[in-house]
Amino acid sequence: MANEVCLRTLDLERPWLIEQYQSRGGYEVLKKILSEKTAPEAIIEEVKKSGLRGRGGAGFPTGLKWSFISRNAPGQKYVVCNSDEGEPGTFKDRDILRYNPHQLIEGMVIAGYAIGATCGYNYIRGEFWEPYERFEQALEEAREAGFLGEDILGSGFDFQLHTHLGAGAYICGEETALLESIEGKKGQPRYKPPFPAHFGLYGCPTIINNTESLASIPMIMEQGGEWFADIGVKNSGGPKLFSISGNINNPGVFEIPMGTPFSELLAMAGGMKDGRKIKAVIPGGSSAPVIPGEQMMELNMDYDSIAGAGSMLGSGAVIVLDDTNCMVKILERMSYFYHEESCGQCTPCREGTGWLYRIVHRIETGQGRQEDLDLLDDVADKIAGKTICALGDAAAMPVQGMLRHFRHEFQYHIDHKRCMVGVG
Amino acid sequence: MTDSTVTIEVDGRTLEAKAGTMLIDVTDAAGITIPRFCYHKKLSVAANCRMCLVEVEKVPKPLPACATPVTDGMKVYTRSPKALAAQKGTMEFLLINHPLDCPICDQGGECELQDVAIGYGRDVSRYSEGKRVVADKNIGPLIATDMTRCIHCTRCVRFGEEIAGIREMGATGRGEHMVIGTYIEKSVDSELSGNVIDLCPVGALTSKPFRFNARAWELTQVEGVAPHDSIGSNLNLHLRGNQVMRVHPRDNESINESWISDRDRFSYEGLYSSDRLTSPMIKKSGEWMEVNWEMALEMAAAGLGEIKEQDQVGALLSPTATLEELYLAQKLIRGLGSNSIDSRLRQGDFRLDAGLKQASWLGLKISDIDSLDAALVVGGNLRKEQPILAHRLRKAALAGAAVHFITPLQLELNYESRQSIATPAEMVKRLAAVAKAAGVKGSGSLAALLNAAEADEFAETAAASLKQGDASAVVLGAMAQSHPDYSLLYALAAGLAGACGAKVSVLPEAGNSVGAQLAGAVPHLLPGGKSAQSAGPDALSMLKLPRKGYLLLGVEPGVDFHNPALSQSALQSADMVVALSAYRTPELEACCDILLPMAIFSETSGTYVNAEGVWQRTRGAVKPQGEARPGWKILRVLGNLLNQQGFDYTDPDEIGEELHALCNGASLDNRPVEGLDLEPKLGRDGLQRGGDTPLYASDPLVRRAAALQQTKDAGQGVMRLHPKEAERQGLNSAENAVIRQNGYQATLPVTLDEAIPEGCVWISTGLRSTSMLGQPFGEVTVEKA
Amino acid sequence: MTTTTAKETSELFTPEIRAEIDRWIAKYPAEWKQSAVMGALMIVQESNGGWLTTELMDQVAAYLDMPPIAVYEVATFYSMFELKPVGRNKICVCTNVSCMTNKSDLIVEHLEKKLGIGFGEVTEDGRFSLKEVECLGACGGAPMMQIGKQYYENLTPEIVDAILEGLE
């Protein structure tokens with residue numbers, strides 16, 4: 001059972017066209033909701049039942065998030081879609097935008113109806129030009145067909161949907177940074193509380209959901225929350241898109257039930273390239289702590305299973321590394337990333353991410369000192385949990401994970417001023 | 001959010017607070033120290049420095065006290081192992097890229113980072129990489145930058161946006177490369193800019209004039225009051241030995257809050273100008289010579305005493321002088337049988353005096369400006385007249401107040417408002433239109449004006465907003481008061497305010513403009529603010545009909561007067577001019593016979609009565625320079641030499657107390673003036689001149705503050721006019737123009753400026769370069785030079 | 001003669017460009033014109049050969065009623081804005097983990113050698129510039145690069161050669 005929700009049109013030719021989407025029953029559930037005037041509470045209830053958790057990485061229950069919006073509060077409310085896909089290893093939302101944009105549109109309209117919002121923005125990262133054009137084309141088609149705009153299908157419900165293009169900043173994937181960015185500012189996360197449900201875009205109540213989360217909504221509404229929940233396992237409802245990349249034969253995006261064994265996913269992805277040994281897996285985007293290969297082969301792809309191994313499912317971005325990889329070098333590259341992408345607003349992240357990178361860089365280039373491993377641990381610990389947003393944690397966790405499982409490699413670098421990989 | 005009180009526990013102490021208050025405000029009030037850098041009580045919460053992280057029971061992560069609202073039963077630990085670990089972690093991060101240049105840093109000794117590092121830092125850095133270096137940009141003559149020291153607390157950025165109302169500083173770049181600054185080489189032009197020096201917790205932003213001149217621990221601090229505008233901002237003067245090294249604000253929530261204007265902060269530089277008058281001088285056969293005090297005073301007393309005719313000794317007194325000086329000067333002159341006394345040197349129309357029975361004033365408390373619902377400002381460029389008042393009005397505007405302006409030039413404002421831009425003559429009509437819209441009828445010539453006025457949409461909106469507001473005001477600014485039809489503007493404003501239930505607010509010009517009225521330093525009021533039986537001639541009349549003798553106190557011919565050219569010619573024609581002055585200038589030397597060196601600003605004790613009538617006393621902080629003496633002492637001796645009664649003071653306090661007793665029962669009142677029939681004086685024909693006094697041209701001290709004089713707000717001796725008007729006048733490609741006004745003439749550079757209404761050219765007063773011309777408003781002709 | 005009137009808009013700030021910016025402005029609430037700043041900067045950057053000048057940023061600021069510093073903040077925060085001249089073809093190579101483990105270093109090396117420039121540099125003829133970028137969300141096609149608006153995936157030195165050949 002694969003590609004049943006977000007990728008359900010993938011087998012069609014030019015699946016992004018509205019007629020293709022409609023050929024699979026697209027927009028039917030929106031029509032039903034609008035004609036039957038389904039109670040918004042019932043929609044939120046259904047989403048809660050589905051067990052859908054935020055697909056952007058944080059895994060917060062989507063239905064619960066929606067229920068925080070006070071539907072009857074006066075004034076504008078917004079639905080915002082987070083298509084600022086940038087967590088290294090993640091490339092699933094790009095496929096939704098490219099191949100099934102209408103399902104996202106339908107999901108956003110339903111979300112707007114459920115929370116009483118008449119306007120939405122889809123924040124697409126600026127580099128995603130092709131997905132942006134596909135989505136814009138889909139918006140045109142949907143407007144033309146009357147699924148967007150004023151008085152949708154004669155229901156009296158209005159919903160305007162626009163694209164906002166990013167311009168290159170990983171931090172805008174953080175929901176409040178994303179809102180700041182739409183407001184024409186630097187993408188610097190806001191201190192919370194207040195949460196976007198109360199003070200969001202332009203100060204109005206706002207829900208922000210990941211592309212995959214919102215694109216899952218039409219199927220949840222069509223087939224029912226229980227159907228969706230039953231695809232997955234306990235605490236991990238539904239299928240999920242996994243972006244799998246690294247040293248494998250057939251990297252790509254696979255929509256499979258939550259709880260699928262990692263080994264099956266790896267097999268779907270063609271197994272290890274050149275028949276090499278699996279050394280390690282980063283199971284949920286680069287901020288997820290690394291898990292040694294053998295251990296990973298025993299795990300299932302769901303929130304609890306991965307968390308049980310001390311990591312996280314995150315955005316479902318699986319980076320598979322074979323035994324030719326030097327883990328110091330991998331961490332150096334990841335630390336460089338967080339150093340580059342820190343917004344600079346709060347002290348521990350602004351100063352600490354650079355420090356982390358420089359220590360790892362020192363070790364990688366044979367300049368490491370004995371005390372560096374403890375220092376790395378300590379600096380990571382001083383960042384984690386002390387920052388305005390989760391980027392600080394995201395920078396600290398890979399360090400902590402690497403030292404937990406591959407400390408010996410780091411030690412070897414320090415002791416021998418070179419890498420142990422390939423040294424017998 | 002509710003108003004309910006909650007009980008919390010901090011480090012075992014039980015505290016009560018309003019629910020929703022930020023934890024740091026509660027602990028600050030209770031005297032519990034939590035270290036912080038980005039938090040400032042007057043700025044929005046940024047929560048970015050992470051120094052105030054504390055442990056809260058049942059919360060896994062440490063929380064920033066500045067952004068954590070208190071809730072009932074909350075248990076907080078500010079110095080638990082977890083809290084301290086978080087605070088020390090932040091400290092270490094802040095220090096890794098901070099230079100270790102404390103020995104050469106101007107902030108050394110008063111640096112928040114240094115202070116907190118002592119409590120929360122390590123002895124040895126574990127960071128062995130190179131530190132971040134930031135290239136500095138020149139951001140103008142007031143603020144020195146050393147951005148390598150910046151810890152990115154963003155207080156300066158938030159100040160610009162939230163208080164100064166212009167975003168000049170920002171945080172560009174991201175991550176470790178984020179830089180606080182202007183990005184481009186650009187001067188920071190806000191009239192409140194210097195406050196970022198105080199806000200900056202480190203030595204990144206320091207005072208440029210003060211730079212490298214003293215160390216914090218060498219300085220002693222004494223209290224002071226700023227004399228320049230009518231707010232009377234509270235100051236801390238920082239002294240080394242006998243020198244004022246710098247000026248900081250002293251918190252006073254009801255006056256200047258935590259801020260001071262740049263004028264109040266940097267004007268002290270004028271104390272050390274090279275043209276200080278340091279010895280008594282007399283003019284003998286056209287030559288100036290230094291003499292001793294005895295001789296100078298005797299000659300002054302003899303010269304003034306000789307003039308026996310009624311009202312023939314005129315006293316022209318600076319409204320920035322102390323209350324004691326103003327009081328003694330008028331006492332001396334009245335003792336000589338003259339009522340020719342005035343301190344309203346820039347006022348353009350005194351027809352009201354006949355009906356003014358009380359001192360006019362701000363009309364409301366300074367702090368009440370914050371909560372105005374509506375204001376109509378007539379002829380007032382508040383930001384460039386009274387910066388702190390402008391800040392308070394902006395607060396009101398941001399809170400929703402409707403602010404309207406009737407103004408002779410387009411103003412650069414930092415909030416939503418509406419401006420009705422009119423030529424000076426047209427201003428009266430515009431105000432009449434608002435009054436008409438509010439239903440004001442009036443009588444006599446006022447009725448004619450009101451009848452002729454057309455209540456347009458602006459007038460209707462402005463009138464409606466004044467009526468709707470629970471607290472509203474019609475404010476008469478400096479350009480209204482220097483207007484030749486100020487009396488009409490006042491009458492219309494008073495009528496309008498009456499019809500709308502609004503206050504009339506006359507913005508006093510200087511630090512003692514209200515005090516001068518209470519001291520009797522105006523022709524129509526006696527000490528105690530009591531109405532004079534027969535009003536003497538006002539400042540303008542005293543010059544139009546020159547006196548035989550004059551006593552000048554802290555004023556300079558040509559730059560401190562409504563009609564600069566007239567002020568010089570009238571004074572030059574007098575037989576005897578005695579000036580008490582801190583400075584010697586060519587203009588003073590040309591006009592005067594005797595120059596008596598006077599202490600100024602921090603050199604003398606004295607009282608200031610601010611715009612709302614608050615008496616604020618200051619002590620002399622440093623010794624006067626050279627032979628200079630406090631003005632009250634000079635006047636006391638002159639009184640003695642002229643054998644006047646009641647000049648035997650030994651202490652300035654006695655003078656202040658004497659006047660204070662006289663003021664018992666005195667009230668400040670901006671009531672409508674009855675029974676005046678006023679015709680407009682300012683003609684509508686021909687090309688008109690408009691003129692203001694630039695912010696840093698207001699008084700002798702400021703005009704000598706070197707750093708302020710390098711800023712935009714020092715003003716320029718140019719003629720500004722609208723490009724279309726320039727075309728009409730054949731000046732659109734002219735470098736210079738000849739301006740003729742009432743027989744006066746000047747050649748000035750031409751500047752095209754769309755802020756000036758057509759039909760008008762703009763030439764500022766208060767500048768030596770324009771002092772050969774006449775009054776700021778009136779008919780002129782121009783031609784290409 | 002000095003003039004203090006509003007700055008003349010440069011030739012680059014054409015009516016067409018303004019119309020394009022207006023399309024962005026129309027997406028947002030009327031009082032939030034500044035939401036269009038990223039869109040506007042992209043438009044003027046593209047019209048100016050791929051980079052922003054202070055003058056252009058000032059014009060965007062004036063057009064959107066923003067303080068210039070707020071525009072500088074945005075332009076210096078987002079990595080797709082360029083504040084120095086770039087090549088007609090800006091080659092952005094991802095070197096993040098998935099690309100790195102799929103030998104992006106060979107791609108970088110090849111490009112550097114072929115073009116004779118390093119990251120942050122422009123070829124003398126102005127045809128190419130090279131930029132190291134963070135994950136572009138195409139890890140399934142690692143190693144990958146972006147030139148202009150186009151993604152190129154599953155790169156080998158030979159494929160890179162063919163791509164560059166087809167570019168002006």
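Trainee: Which pattern does chain C follow along the sequence?
Mentor: This is a predicted model: local features need pLDDT of at least 70, side-chain atom pairs count only at pLDDT 80 or more, totals for chains, interfaces and linings use all residues, and side-chain values use heavy atoms, leaving out hydrogens and water. Helices (H or I, at least four residues) and strands (E, at least two) are DSSP runs, numbered from the N terminus. Chain C has 7 helices and 5 strands. Along the sequence, chain C reads β-α-α-α-α-β-α-α-β-β-β-α.

Trainee: What percentage of the residues in chain C is buried?
Mentor: Residues are numbered from 1 along each chain as its sequence is written, while chains are lettered from A and ligands numbered from 1 in the order written. Buried means under 20% relative accessible area, exposed over 50%, and partly exposed in between (1.4 Å probe, protein chains only). Of the 168 residues in chain C, the buried share is 56%.

Trainee: In chain C, what share of the contacts with a separation of 6 or more joins residues 24 or more positions apart?
Mentor: A contact means heavy atoms within 4.5 Å. The C-alpha atoms of chain C fill a box of roughly 55 × 40 × 25 Å along the principal axes. Among contacts with a separation of 6 or more, residues 24 or more positions apart account for 59%.

Trainee: Is A:Phe60 buried or partly exposed?
Mentor: A:Phe60 sits in the loop between helix 3 (40-50) and helix 4 (62-67) of chain A. Its relative accessibility is 36%, so A:Phe60 counts as partly exposed.

Trainee: Which residue in strand 12 of chain B stands opposite B:His238?
Mentor: Strand 11 (residues 234-240) and strand 12 of chain B pair in the antiparallel sense over 6 bridges. Opposite B:His238 stands B:Arg246.

Trainee: Why is one side of strand 14 and of strand 16 of chain B left without a neighbour in the sheet?
Mentor: The open sheet has 7 strands in the order 14-13-26-25-24-15-16, with mixed pairing. Strand 14 (287-290) and strand 16 (341-342) of chain B stand at its edges, so one side of each lacks a neighbour because each has a single partner strand.

Trainee: At about what angle does helix 8 of chain B run to strand 24 of chain B?
Mentor: Helix 8 (residues 323-335) lies across strand 15, strand 16 and strand 24 (549-553) of chain B. Axes are lines fitted to C-alpha atoms, for helices over the stretch in contact, and angles run from 0 to 180 degrees between N-to-C directions. The angle to strand 24 is about 170°.

Trainee: How many residues of strand 20 of chain B are buried?
Mentor: In a regular strand, side chains alternate between the two faces of the sheet. On one side of strand 20 of chain B, B:Ser472, B:Val474 and B:Leu476 are buried, and on the other B:Ala473 and B:Val475 are too. The count for strand 20 (residues 472-476) is 5 of 5.

Trainee: In strand 21 of chain B, which residue is the bridge partner of B:Leu476?
Mentor: Strand 20 pairs with strand 17 (residues 374-378) of chain B in the parallel sense over 5 bridges. Strand 20 also pairs with strand 21 (residues 503-506) of chain B, parallel over 4 bridges. There, the partner of B:Leu476 is B:Val506.

Terms used: Pairing = 2+ DSSP bridges.
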